[in-house]
Amino acid sequence: MNIKKLCNKFNLTEYIAFDLETTGLNPSDSFIIEFGGVRFVNGQPQDRLSILIKPPISIPQNITELTGIDNQAVADAPALEDVAQEIINFLGDLPLVAHNINFDAPFLQYHIQEVFSNYNLSNPLYDSLLLAKMVRYDHSAFNLSAVAQLTGVNLSHAHRAEDDALACGEIFLNLLPEVERATDAALLDILPLVRNMDLPNGKLFQDLSNFRKSEGIKVENQTASLSRYISLQKSEQKQIYPDVEDVFGQNGLMEKRVDGFEVRATQVEMANAIYQTMLADGTLIAEAGTGTGKSLAYLVPSVLWQKEFGEDEKIVISSHTKTLQDQLFFDQIPLVKEKLGIDFNAVMLKGRKNFLCKTRWQNTIKQAAIRFRKQDRENLMILSIWRHETNTGDISEHNGFNSNYHFWLWSQIASEPGYCTSRRCEKHNGCFLGALRKAAQKADILVVNHSLLLSDLASGGEILFPMSRLIVDEAHVLEKDAYSHFKISWNHHVFRAICEKYFIEYSGRISGSLSSIGLISDQKNDSKLGNIVGSLLSTLKLALENSESFFTAMYQSFEEIHKKSQYVQKKRFFDTEFFAPFADDVQPFVDNVKEALDHARAIVKILEKKEYAESKSLLSDISNANESMSEFVRSVLFLTNVSDANFVYWYEFPTRGNVLNFSLNSVPIDVGEILGKSLFNKMDSLVLCSATMKTANSFHYIKNRMGIRHIENHEIDEVDFGSPFDFQSQCMVLVPKFFPAFNQKGWHETTAKLIAEISQKTKRNILALFTSHSSLQGVKSVLSPLMADLERKLLTQGFGTNRWSLLESFKNAKGSVLLATDSFWQGVDFPGDALEILIMAKLPFGVPTDPIAKSISDQIQQGGGNSFNEYSVPEAIVKFRQGFGRLIRTMSDRGVMVVLDERMIKKYYGRAFQESLPVKTTVETAESLPAVLAKFFDQGMLF
């Protein structure tokens, strides 16, 4: 790579990379404590400027922990007003590069303008963060450390301004060759986004386009295909298929053909049981501990049965996590095909909302100048290269774009009814989803996630049904997924998103379906149509105002109750009296929405009758919008009537200040009944498996909660296949006695000191799991200086570090401690010495006031049961076992779990937790425990 020519091509022979360290995130109440800048000339770092700056406030402790800059370090440093001119002179008018320049540039502008009121930062702006997300969308993380690692840049002292600035400048340089791969079609999408708006990196692509035109260079698209999600049959020849023993047993095909394969008795037993379940048209509830190899144990017998007996039947395999779904489809299905020589069709399918629609994308780019704000255009830029490189259109491929966080923008370009699988997208051959759906119809094995399985169930089975063979992996979370999926929710943003299917108002301009239909009415002199369009537009605007008034009133009404909380609060309501104080707000809103729907339906009738050629696509759009609005009206009426005793109703009070995030919600109390009657009972064979299906050595709880009781048409088998691990020699479980209770004074201090002492004595990696952020923060505040004294790394979830960086740092830093909460209790993998000590701060009982949990508990109590024993304890045990599962992941792992909750040895229900583990619990004092741990790792098993 000729760096000088590359920089010249992009008019970047000189640029300055800079970084700021600050006391906080908001420039109005936070201040700069360090400026670092590096001037690059022809790709080489030249001049540097590094300045510590004394802020007018004390530096917060968390900033000191992050940067290493404390109040003493800046005690003799100059104030910003003393160095502002030096910074201005250094920057000059050169292009500026930063990693998240949308933070650094406005922050710098704000504070220098405090010194020089006429200062204006007008330099061309470039952003290595946005660029990395755009051209390396497949990478798992985009913080500076992660992108430095990705691009081969050395970052020795992260979170110090000069080092970060140097790394940023080099990262930016190393990403420029990636920019050159942008196709001409991608540039045609990008240029309208940057036109008339100063977007970071916009000039980069304008210069690339100009260079190609001047040199006559063309970069064409590659032909897209869906092969990544479709594994096709290789041969139509008749095969002779092996049996399960031939595959998994001693001297079997797996052992002979797969390097490193170990014969595991539990895997053979599980595979045989699943094969027999399918033969007998039965149901199998299976617990398969870590190391069983359960994915192959259900995949192989499924394929064998399908080929021998179920030629016309597809087998659906559903999982909860993307990790397991990808592992199954991209690793194990190819392995079975290649090593066993078995031909079968397999397709991995997700819900419609996961896929980009090419038609909607095209329309969005055309309307970018009048419809989208700066941030939206930046995010469309982030997607633009991926849009022309993806073979699948599945947004989960793009790790630089969070479709949940950017929900509204993604909703403008994702597939929705009326697109992709309809004639609307014929010019794109059904886009991505259409081709995938066609392939799914011919699949032998269909790999899906729980979300799609539940969506299809709710919609009457338009995608997966008719299906008769279902395997559910990670079945222990299917009920929770069902609660999430079947929830009815109403807030202002939900309604706004539906209104934006009709019209978008930006900078005083109206665009969208209604605007286009209004133009047609003008062209055709159709006054009736024009009048109804005007009425609908006015009614929707009024409804939006009423919605905002309603949710603002709700927020203000409950603000005093929840003003001290830092987290979202959930409270049940039981009847229409709840809405009485807001009747003046809610009823006008309901009336507006009903009126709007009447107007919208009238527009559809006129367009259908007149058959204007220009309105065909708009008719589809507004019909889809009407379906969404109709469903919304039903939801609002359901939520405000509060009339179904089988549902729980609650409101969610948002974090302080987010007024319009106030929401109303409802869900069936017993989703197990829906699963049992509408899904499980319709299967010819069913397998439900997980590593944690049992509580108190019984499947009773999971069967009851998931609705297995409603299966009527076949036998139900329950099998615990165990684990191949030798837990007795591989691990210990310790509980310290006389440890303070969780709610006692001094718990945070005692916990922190014990963790520090264990770290000092063992020098092993420690993962400490908490059940709340507040308890984690309390321990962290005490533990931080103790770990600093030990010169050990302390990592904390939720303090400005993303999940990928946390995991990588934890795995790579010997003797580090990671404090984490809910999302680390399951789904993370720490093989080998990456994790050797697991500390559970508290038995993971759920929040008893959670609306769903409280309603389930009330229902049990009203039926004469004991909700604590029948619901709270089993739920906690499932999560407890999931947490324990982080510890031993391979045959060679060794580790210790420490439970800092005396209830496990003192309370009657503690025995249920003890019996849920494969090893005996040992009790020690807090004082002796660190030494016992050290001895375990030095000498092996002690008891």
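In strand E18, which residue is the bridge partner of Val472?

Modeller: The bridge partner of Val472 in E18 is Leu688. Before going further, please keep in mind that this is a predicted model, in which local features need pLDDT of at least 70 and side-chain atom pairs count only at pLDDT 80 or more, while totals for chains, interfaces and linings use all residues. Residues are numbered from 1 along each chain as its sequence is written, and side-chain values use heavy atoms, with hydrogens and water left out.

E18 covers residues 685–690, and the name follows a simple scheme in which helices (H or I, at least four residues) and strands (E, at least two) are DSSP runs numbered from the N terminus. Strand E11 (residues 469–472) runs parallel to E18 and is joined to it by four bridges, and two strands are said to pair if DSSP finds at least two bridges between them. Strand E7 (residues 283–287) also pairs with E18 in the parallel sense, over five bridges, and here Leu284 has Val687 as its bridge partner.

Six of the six residues of E18 are buried, so the strand is largely enclosed by the rest of the structure; buried means under 20% relative accessible area, exposed over 50%, and partly exposed in between, with a 1.4 Å probe and protein chains only. Ser685, Val687 and Cys689 lie on one side of E18, with Leu686, Leu688 and Ser690 on the other, so that both faces are covered.

Helix H31 has 18 residues (773–790) and should span 26 Å at 1.5 Å a residue, which agrees with the 24 Å between its end C-alpha atoms; the expected span is 1.5 Å times one less than the number of residues. The helix has a kink of about 40° at Leu783, shortly before the proline Pro785, where the bend is the angle between axes fitted to the seven residues ending at a residue and the seven starting there. Among the buried residues of H31 are Ser775, Leu776, Gly778 and Met787, and the buried residues of this helix pack against helix H2 (61–67), helix H30 (747–762), strand E22 (794–796) and strand E23 (817–820). Just after H31, Glu791 takes a positive phi of about 60°.

Ser630, in helix H26 (residues 616–641), counts as buried at 12% relative accessibility. Leaving aside neighbours within four places in sequence, Ser630 is in contact (heavy atoms within 4.5 Å) with Leu597 and Arg601. The side chains of Ser630 and Arg601 are joined by a polar contact of 2.9 Å; a polar contact is a pair of N or O atoms within 3.5 Å, where within protein one must be able to donate a hydrogen and the other to accept it, and residues adjacent in sequence count only if both atoms are side-chain atoms.
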